[in-house]
Amino acid sequence: MSALIHVEPPTELRFKGPFTDVVPAELLLRNISEKAVCYKIKTTAPKQYCVRPNCGLIEPGQTATISVVLQPFELNIREKIKHKFLILSMQAPDKPFESVEELWKIPPTETVYDTKLRCVLEFGNDVRNSKADSGVKHENQRLSDENNHLKAEIERLRRLMLSSSTSELPTVSYLPRPSSSGVSFYVAAIILVLAIVVGMLCGKYLV
């Protein structure tokens with residue numbers, strides 16, 4: 001807490017989604033000192049927030065209401081939001097001054113106090129669930145496409161093996177009759193080559 005003003009909320013400013021439209025919030029600054037207090041509000045994301053008024057004067061015992069509006073943007077639920085606000089305050093000088101805004105442009109002669117607030121973006125369950133459902137559907141579709149492609153490739157290889165085996169049969173029929181204890185060397189060689197080809201292709205699509 002600042003020694004001059006009480007800030008409400010004291011530690012964090014919350015904005016509730018969805019964030020496709022402006023999202024308003026409020027800051028209350030109450031002067032708890034015995035003299036007038038000047039304040040100025042800064043943010044780490046000036047393009048994302050509209051703060052009105054961003055500076056001003058608060059009389060003793062009085063409260064200033066600050067409007068903070070979060071501008072529309074497309075939210076990535078995996079992204080970490082680290083937006084912060086800094087509220088500066090100091091006693092107003094006894095001598096006359098042109099404006100509070102001009103007063104903050106020159107190095108203050110008074111002690112400056114600060115209060116820091118972090119921004120919290122609250123995701124509605126509908127927003128979080130719709131994003132998650134969309135990601136699951138996309139992943140399921142990708143896996144389905146890969147599975148269909150793999151099935152088609154296996155079927156193509158099966159037909160290729162059958163075709164190759166059929167085309168080799170006439171040649172094998174003219175070879176010397178193999179003994180009952182073994183398989184023709186040529187047939188075994190064809191089967192070995194096809195097995196190597198199938199193994200390489202399956203390895204390619206299963207990685």
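## Layout of the chain

From the N terminus on, the elements run β-β-β-β-β-β-β-β-α-β-α-α. The protein has three helices and nine strands. Both kinds of element are DSSP runs, numbered from the N terminus: helices are H or I with at least four residues, strands are E with at least two.

This is a predicted model, in which local features need pLDDT of at least 70 and side-chain atom pairs count only at pLDDT 80 or more, while totals for chains, interfaces and linings use all residues. Residues are numbered from 1 along each chain as its sequence is written, and side-chain values use heavy atoms, with hydrogens and water left out.

Of the 207 residues of the protein, 27% count as buried. Buried means under 20% relative accessible area, exposed means over 50%, and partly exposed lies in between (1.4 Å probe, protein chains only).

## The five-stranded sheet

Five strands form an open sheet in the order S2-S9-S8-S4-S6, and the pairing is mixed. Two strands pair if DSSP finds at least two bridges between them. Strand S2 (12–16) and strand S6 (55–58) stand at the edges. Each has a single partner strand, so one side of each is left without a neighbour in the sheet. Neighbouring strands of this sheet are turned by 25° against each other on average, direction ignored. The axes behind such angles are lines fitted to C-alpha atoms, for helices over the stretch in contact, and angles run from 0 to 180 degrees between N-to-C directions.

| Strand pair | Bridges | Residue pair |
|---|---|---|
| S4 (residues 37–43) and S6 | four bridges | Lys40 and Cys55 |
| S4 and S8 | seven bridges | Ile41 and Ile87 |
| S8 and S9 (residues 113–122) | six bridges | Ser89 and Tyr113 |

## The four-stranded sheet

Another open sheet has four strands in the order S1-S3-S7-S5, with antiparallel pairing. Its edge strands are S1 (5–8) and S5 (49–52), and each pairs on one side only. Here neighbouring strands are turned by 20° against each other on average, direction ignored. Four bridges join S1 to S3 (residues 23–31). Val7 has Leu29 in S3 as its bridge partner.

## Loops between the strands

Start with Ser33. This residue lies in the loop between S3 and S4. Is Ser33 buried or exposed? Ser33 has a relative accessible area of 13%, so it is buried. Its side chain makes a polar contact of 2.7 Å with the side chain of Asn31. A polar contact is a pair of N or O atoms within 3.5 Å; within protein, one must be able to donate a hydrogen and the other to accept it, and residues adjacent in sequence count only if both atoms are side-chain atoms. The side chain of Ser33 also reaches the backbone oxygen of Lys35 at 2.9 Å.

His83 sits in the loop between S7 (63–70) and S8 (84–91). His83 counts as buried because its relative accessibility is 18%. A polar contact of 2.8 Å joins the side chains of His83 and Tyr49.

Pro18 is in the loop between S2 and S3. The bond from Gly17 to Pro18 is cis, with omega near 10°. Pro53 is in the loop between S5 and S6. The bond joining Arg52 and Pro53 is cis too, with omega about -15°.

## The largest pocket

Rolling a probe the size of a water molecule over the atoms shows where empty space is left. The largest pocket has a volume of about 210 Å³. Of the 13 residues that line this pocket, the closest to its centre are Pro93, Lys95, Leu103, Ile106 and Thr109. The lining divides into seven nonpolar, two polar and four charged residues.

The terms need their rules. On a 1 Å grid over the protein atoms alone, a pocket is an open set of points with protein on both sides within 12 Å along at least five of seven lines; lining residues have an atom within 4 Å of a point. A volume is the space filled by probe spheres set on the points, and grid points are joined across faces, edges and corners. Ala, Val, Leu, Ile, Met, Phe, Trp, Tyr, Cys and Pro count as nonpolar, Asp, Glu, Lys and Arg as charged, and the others, Gly among them, as polar.

Note on methods
1 Å grid on protein atoms, 1.4 Å probe; cavity = no way out; pocket = protein on both sides within 12 Å on 5 of 7 lines; lining within 4 Å.
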